[in-house]
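Here is my note on the two-chain model you asked me to look over.

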Amino acid sequence: MDGISHIVIEVGDLARAKEFYRLLGFESADAAGMPECGRSALFLTASGQAVIFSESPQPRSLPETGVHQAYRISLSDRNAVARKLAACAVTVHTYEEDRPSEKADNFYFYDPDGNRIQLVASPASSEGSGKILGIDHAAVECHDLEWAEDFYVKQLGLEMDHRVGWRTDDYVRAKLWGEGKEHMAPGTRRWDQRYTVMEQKRRLPRPNTHFFVRLGEEILGIYLATQHRQEPPEDQVVGTPRIGFRAGCQTMERVAQALAASRTPMKGPVEHPNSASIAASLYIRDPGGNFLELCVPR
Amino acid sequence: MAELEAISHSAICVHDLREAEDFYCNVLGARQGTRVNFKTDDAVRGRSVHGSVILEDYLLALMVTRDFMPMPPAEQLRGAHGFRHAFRVRRARFDEITNELRRREIAFEGPVEHPEKSPFGASIYFKDPSGNFLEILWRRDEDVNYQKPYVTGVG
């Protein structure tokens, strides 16, 4: 797998989402659709990676968690987007980050449905084009990080990029967050209620364990869910929101075999008709119930 | 008198859980036990980050400290920083183990020969990456049989 091919996010109102994302520099490509997205619209970035908005009465955006989508943009375009967002009264947040490459520079806001968007200034392009350059990274949450690591690293074969929450350094920084000295991105820290009685403290700040895996130029973050959440039915392997990984036919076969050996449910490989923007897909879900898709590009 | 029955485990403080697990499992040959705070249930219940490693019949819980601990001087290899754990090996394997530590460039002091009348034969002294003092020794009474307990991990 050499990168993120597409992201499917859920929105409450397709027209409103289209308008908002056009503002950021996404361009609609209505000719090509993405299979298994329900009533949806496909937008393209300059890199050819797609973002698909799937209409849902209750969009699963999880705004208070580590879940987010990050897109690459030139610095001058990001400044222009900042002005447009200010005009629409959308608040931009800058946080401290644990991952070294995002530490110094970040830019977050929410779309009208609560999907958290990050715009990453691309060092490769300072010239403005008015377009979103590509997908930089995405993040999901999982209720078992050991299982998730096994799944993403051992079964899917992705490379571990960075881990947070295993070290005293992380605790020391969590304390700074607790004292209000560091403004951390959602999902990276949490308040622990348990020690209320034991230590006569109201709450205890802790790092929320998470890790990042690498797919070529792109990154996927997996955060520990701090609350129990209803997962999709156990036998459902295709759904939204979803993250699509770009893969060759051989990689898809290898992953399908590995998952079959561990009796992980999947659907496919499925060949798509010519009207679809991708040639074939293998639909799976991770141990946290997040929908994933391996797809062969056209 | 409380009349305790046995030692169950020791909890030791570490600065980096992965580094500690790597040291105890891949250098000293422990088995990986359970880890805590990598599941949502642990986050909801509010638990510290810790793990466990099982060295033959002994469980060490590895607790990530919330603050940096004072460290013993780097050159000090023998001592008790709080306390020291000593692990027994058979005399026949003692040289093999000291050579393995040398090969991995883990500094140790010794082997220190103990007096003839002591049940201990010889010891080496060293530290884990978080500055916890450790000792490996062989015993003159190594042929005495003992019942190996069943150790699983921390819940």
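**Notes on the model**

1. Helix α4(A) is followed by Gly180(A), which has a positive phi near 80°. Helices here are DSSP runs of H or I with at least four residues, strands are runs of E with at least two, and both are numbered from the N terminus. This is a predicted model, in which local features need pLDDT of at least 70, side-chain atom pairs count only at pLDDT 80 or more, and totals for chains, interfaces and linings use all residues. Residues are numbered from 1 along each chain as its sequence is written, and chains are lettered from A and ligands numbered from 1 in the order in which they are written.

2. Which residues of α4(A) are buried? They are Thr168(A), Asp170(A), Tyr171(A), Arg173(A) and Ala174(A). A residue is called buried if 20 or more other C-beta atoms lie within 10 Å of its own, exposed if 12 or fewer do, and partly exposed in between, with C-beta atoms placed from the backbone. In chain A, the buried residues of α4(A) pack against β9 (159-164), β10 and β11 (204-207). They also pack against β4 (58-64) of chain B.

3. The contact between the chains takes 21 residues from chain A and 19 residues from chain B. Two residues are in contact if their C-beta atoms, placed from the backbone, lie within 7 Å. On the side of chain A that touches chain B, α3 (145-155), α4 (168-178) and β10 (189-192) of chain A each supply at least two residues. The most comes from α4(A), with three residues. By class, this side of chain A has seven nonpolar, eight polar and six charged residues. Ala, Val, Leu, Ile, Met, Phe, Trp, Tyr, Cys and Pro count as nonpolar, Asp, Glu, Lys and Arg as charged, and the others, Gly among them, as polar.

4. The largest nonpolar core has 69 residues, of which Ile7(A), Ile52(A), Ala138(A), Leu220(A), Ile222(A), Phe245(A) and Leu294(A) touch the most other members. A second, separate core of 18 residues includes Tyr171(A) together with Leu17(B), Ala30(B) and Ala61(B). A nonpolar core is a set of buried Ala, Val, Leu, Ile, Met, Phe, Trp, Tyr and Cys residues joined through C-beta atoms within 7 Å. Leaving out residues up to four places away in sequence, Ile7(A) touches Val51(A), Gln69(A), Ile135(A), Ala138(A) and Ile243(A).

5. Chain A has six helices and 17 strands. Of its 298 residues, 46% are buried. A compact globule with 298 residues would have a radius of gyration near 19 Å, and the 19 Å of chain A agrees with this. The radius is taken over C-alpha atoms, and the globule rule is 2.2 Å times the number of residues to the power 0.38. The C-alpha trace of chain A spans about 65 × 50 × 35 Å along its principal axes. Among its contacts between residues at least 6 apart in sequence, 69% join residues at least 24 apart.

6. Phe109(A) is in strand β6 (residues 108-110) of chain A. Not counting residues up to four places away in sequence, it touches Leu85(A), Val90(A), Thr91(A), Val92(A), His93(A) and Ile117(A). Of these, Thr91(A) is 18 residues away in sequence and 6.2 Å away in space, C-alpha to C-alpha.

7. Chain B has three helices and eight strands, and its elements run β-α-β-α-β-β-β-α-β-β-β from the N terminus on. Of its 155 residues, 25% count as buried. Val36(B), in strand β2 (residues 31-36) of chain B, is partly exposed because it has 19 C-beta neighbours inside 10 Å. Val36(B) and Arg47(B) are 11 residues apart in sequence and 7.2 Å apart in space, C-alpha to C-alpha.

8. Chain B is divided into domain 1 (7-68) and domain 2 (70-144), with bounds from an automatic or database domain assignment. In chain B, 11 residues of domain 1 are in contact with eight residues of domain 2. On the side of domain 1 that touches domain 2, β1 (9-14) and α1 (17-27) of chain B are the elements that give two or more residues. The residues of that side divide into seven nonpolar, two polar and two charged.
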